[in-house]
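Please read them alongside the coordinates.

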Amino acid sequence: MVLDHGVGKTTFSMQIAERIASKGKPIAYVSLEMSETQLIQKLLAKKGRVNSRKIRNSDLQPDELQRLAEASFKISQLPFIIITKANTIQKIEVEARRLKNRGQLDLLVIDYLQLVRNEGNFKSREQEVADISRTLKLLSLELDIPIIALCQLNRNASKAIPTLADIRESGSIEQDADNVIFLYQRNPNNNTVTVDLQKQRAGSVGSLELKFNKFVSEFINLER
């Protein structure tokens, strides 16, 4: 599970997914916030080292067009499926089982959990999200795959260092998750983002700092 204060959770999860797909592992990325075009632009910007704004505005130089063409070919070879129509947990389950049965799913990413709906009847949104969270946990065990679910934090979450109590809409999410990673900025005036592993069921926790280059949709190590 990845949570953020609006500092690049989609970029972070896309980078993880793209890296795993580059190893030949099939990925399904369920996006309920961005279109397929927007996500592909992020991949192209990173892979081609081209400013994403220039891609959106079609303001590209010949050398940038060449890099994008090469990046496009490389991306097309990745076992990376983007799904934008599965807006309920039931539809996500169907898609995941279909892909797994075809041998086309080693990782499922959902962007993001609070936008997923549930066709069941619930007294509150908190109960609905709790059921979605539990369903994803069971689906992960059933299909024997990791599932990364992106989440939002409460509006009143700590502006300094968020905690598990700040997860929006459900207290059950942090209970179901094996790992919980927070993304946040200690200093909003720079492009450094803290990646804070606050829960790991089978290991230790800790944090590190990464540089967030939003122009090419990439997180990189500070020592680079």
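1. Which residues line the largest cavity? The lining consists of T11, M14, Q15, E18, K42, L43, K46 and S217, where a cavity is a set of points on a 1 Å grid over the protein atoms alone at which a 1.4 Å probe fits but cannot get out, and lining residues have an atom within 4 Å of a point. Helix α1 makes the biggest contribution, with four residues, and both α1 and α2 (36–48) supply at least two each; helices here are DSSP runs (H or I, at least four residues) and strands are runs of E of at least two, numbered from the N terminus.

2. Before going further, please note that this is a predicted model, in which local features need pLDDT of at least 70 and side-chain atom pairs count only at pLDDT 80 or more, whereas totals for chains, interfaces and linings use all residues. Residues are numbered from 1 along each chain as its sequence is written, and side-chain values use heavy atoms, with hydrogens and water left out.

3. The volume of the largest cavity is about 50 Å³, a volume being the space filled by probe spheres set on grid points that are joined across faces, edges and corners. A search of the whole structure finds one cavity of 30 Å³ or more. By class, the lining of this largest cavity has two nonpolar, three polar and three charged residues, with Ala, Val, Leu, Ile, Met, Phe, Trp, Tyr, Cys and Pro counted as nonpolar, Asp, Glu, Lys and Arg as charged, and the others, Gly among them, as polar.

4. The second largest pocket (an open set with protein on both sides within 12 Å along at least five of seven lines) has a volume of about 330 Å³. It is lined by 17 residues, of which F12, Q15, L210, F219 and N221 are the closest to its centre. Two or more lining residues come from each of α1 (9–21), β7 (192–200), β8 (206–213) and β9 (218–221).

5. Helices α5 (residues 89–101) and α6 (residues 125–143) pack at an angle of about 10°, and their axes are 11 Å apart; axes are lines fitted to C-alpha atoms over the stretch in contact, and angles run from 0 to 180 degrees between N-to-C directions. The two helices α5 and α6 are therefore roughly parallel, a term for angles under 35 degrees. In their contact (heavy atoms within 4.5 Å), I89, E93, A96, R97 and K100 of α5 meet I132, T135, L136, L139, E142 and L143 of α6.

6. The side chains of E64 and K54 form a salt bridge at 2.9 Å, N to O, under the rule that a side-chain nitrogen of Lys or Arg lies within 4 Å of a carboxyl oxygen of Asp or Glu. Because E64 is in helix α4 (residues 62–76) and K54 in helix α3 (residues 52–56), the pair ties together parts ten residues apart in sequence.

7. Two backbone details deserve a check. The peptide bond from D111 to Y112 is cis, with omega near 0°, and Y112 is in the loop between β4 (107–111) and α6.

Methods: Angles under 35 degrees count as roughly parallel, over 145 as roughly antiparallel, 65 to 115 as roughly perpendicular and the rest as oblique.
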